[in-house]
Amino acid sequence: MRNKSKGKRKKAKGGRAQASLSPFSFSLFPSGAVRRKLLGWFDRHRRDLPWRADRDPYRIWVSEVMLQQTTVAAVVPYFERFVAALPTVRDLAAADEQQVLKLWEGLGYYRRARHLHAAAKRLVAEHGGELPDDPAVWAGLPGVGRYILGAVLSQAFARKLPVVEANSLRVLARLFGYRGDPREGDGKAWVWSAAEAVLPEERPGDFNQALMELGALVCTPTAPDCPACPLAAHCAANRDGLQAEVPPRKKPKEITAVREVGVVVRDGGKVLLCRRRSDAARWQNMWEVPHAVRHDGEDDAAAAVRVVKELTGLDVEPGGEVMTIRHGVTRYAITLVCLEAVRAGGVFVPGFYAAAEWVEPNRLGDHPVSSPQRKLMTELANPNRQRRLF
């Protein structure tokens with residue numbers, strides 16, 4: 001006998017109505033109304049962002065790569081500077097990697113820039129510099145996963161392909177009242193299915209952007225503005241008061257404290273900069289002063305002498321502290337104590353580092369460096385600091 005209660009609501013504890021339909025029952029969801037309301041809201045409230053000026057697939061691609069793990073506010077000036085210097089995929093492919101890394105400097109996650117550069121080279125070599133409306137081509141490019149594939153092709157070519165990132169994930173989980181973790185396992189499969197189920201045939205790129213925009217501006221992680229949300233009437237989390245619980249919070253990472261010693265080696269009026277290898281664990285092909293973890297029981301001066309010798313082959317006489325920089329890398333909280341030192345002998349030996357240069361302080365800004373190293377470079381280029389060091 002057919003269950004007559006199927007598709008109806010049952011009373012939950014506390015008298016609230018809870019949907020009995022499975023989160024996977026997308027066919028019962030009022031997708032048409034959700035699409036109309038969300039697109040109407042997006043047309044009225046979308047932010048004026050530089051990559052939205054047209055449907056240029058190159059500009060969309062660059063912006064979406066930059067936006068991964070980075071906020072919109074942070075990306076805008078980087079995007080404008082990047083496309084001004086490298087306005088086409090051919091320009092990007094022809095650029096030197098050091099120029100690309102320099103333009104990316106400060107955005108972090110530099111593998112994104114290297115993949116973007118490698119993909120541009122392949123598009124020029126194999127597709128005549130065209131960015132084709134072809135999912136198979138995009139899927140084979142370095143750094144292109146399901147998100148970039150869907151974001152570029154839906155926005156540039158109106159392909160009906162979903163995207164999921166932190167903001168759209170949160171909107172979808174709350175909209176359907178999904179109580180699992182949509183970031184992993186079955187939950188990850190579910191949220192991509194949900195994103196695909198609600199995607200319209202018309203304006204799929206705008207709809208994908210609208211989901212992300214709603215998450216960024218209204219359906220925020222804490223204190224979402226439900227009265228201002230165009231989807232409030234259809235939202236299971238809003239109906240059941242679950243906004244604070246859906247999606248569940250990420251498990252906090254265990255943070256390990258690390259103390260490093262960095263050494264500003266000087267020879268006359270110049271500073272030693274070293275370039276990391278292309279196969280380094282992080283910051284590949286970027287420049288820095290020699291630095292490494294300080295051993296237990298080792299003082300900073302002894303560590304400075306050891307680090308420079310082990311990493312470069314040079315002998316140094318350590319001096320005073322220049323500055324201390326605190327920063328985070330993945331699950332590490334790093335305290336980098338930077339000392340000055342004077343070259344006492346030896347020659348640079350490639351190994352840990354691929355290359356080295358002696359650089360005048362006012363030219364330190366020419367080299368692509370990580371954000372913590374940029375703080376040090378800025379301090380070293382300070383005329384007042386230079387008078388004390390040199």
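1. Before you start. This is a predicted model, in which local features need pLDDT of at least 70 and side-chain atom pairs count only at pLDDT 80 or more, while totals for chains, interfaces and linings use all residues. Residues are numbered from 1 along each chain as its sequence is written, and side-chain values use heavy atoms, with hydrogens and water left out.

2. Helices (H or I, at least four residues) and strands (E, at least two) are DSSP runs, numbered from the N terminus. Two strands count as paired if DSSP finds at least two bridges between them. Strand E7 (residues 315-329) runs antiparallel to strand E8 (residues 332-345), and 12 bridges join them. Within this pair, Met-323 is found opposite Cys-338 of E8. Two residues lie between the strands of the hairpin, and Thr-330 there has a positive phi near 50 degrees.

3. E3 and its partners. Strand E3 (residues 256-267) also pairs with E8, this time in the parallel sense, over 11 bridges; Arg-259 has Thr-335 in E8 as its bridge partner.

4. Arg-282. This residue belongs to the loop between strand E4 (270-276) and strand E5 (287-288). Buried means under 20% relative accessible area, exposed over 50%, and partly exposed in between (1.4 Å probe, protein chains only). Arg-282 counts as partly exposed because its relative accessibility is 31%. Contact means heavy atoms within 4.5 Å. Apart from neighbours within four places in sequence, Arg-282 contacts Glu-260, Arg-276, Val-329 and Ile-334. Arg-111 is 171 residues away from Arg-282 in sequence, yet their C-alpha atoms are 8.4 Å apart.

5. His-367. Look for this one in the loop between strand E9 (353-359) and helix H14 (371-381). Is His-367 buried or exposed? His-367 has 11% relative accessibility, so it counts as buried. Not counting residues up to four places away in sequence, the residues it touches are Lys-102, Glu-105, Leu-273, Trp-287, Glu-357, Val-359 and Arg-374.

6. Helix H8. The 12 residues of H8 (residues 146-157) reach 16 Å from first C-alpha to last, close to the 16 Å expected at 1.5 Å a residue; the expected span is 1.5 Å times one less than the number of residues. H8 is mostly covered, with 10 of its 12 residues buried, among them Tyr-147, Leu-149, Val-152 and Gln-155. The cover over its buried residues includes helix H2 (57-67), helix H7 (135-139), helix H10 (185-198) and helix H11 (204-217). Just after H8 comes Ala-158, with a positive phi of about 55 degrees.

7. Cysteines. A disulfide is a pair of cysteine sulfur atoms within 2.5 Å, and a search of the whole structure finds zero. Cys-226 is in no disulfide, the nearest cysteine sulfur being that of Cys-235 at 6.3 Å. For Cys-229, the closest cysteine sulfur is in Cys-219, 6.2 Å away, which is too far for a bond. Cys-226 counts as buried because its relative accessibility is 18%, and Cys-229 is buried with a relative accessible area of 18%.
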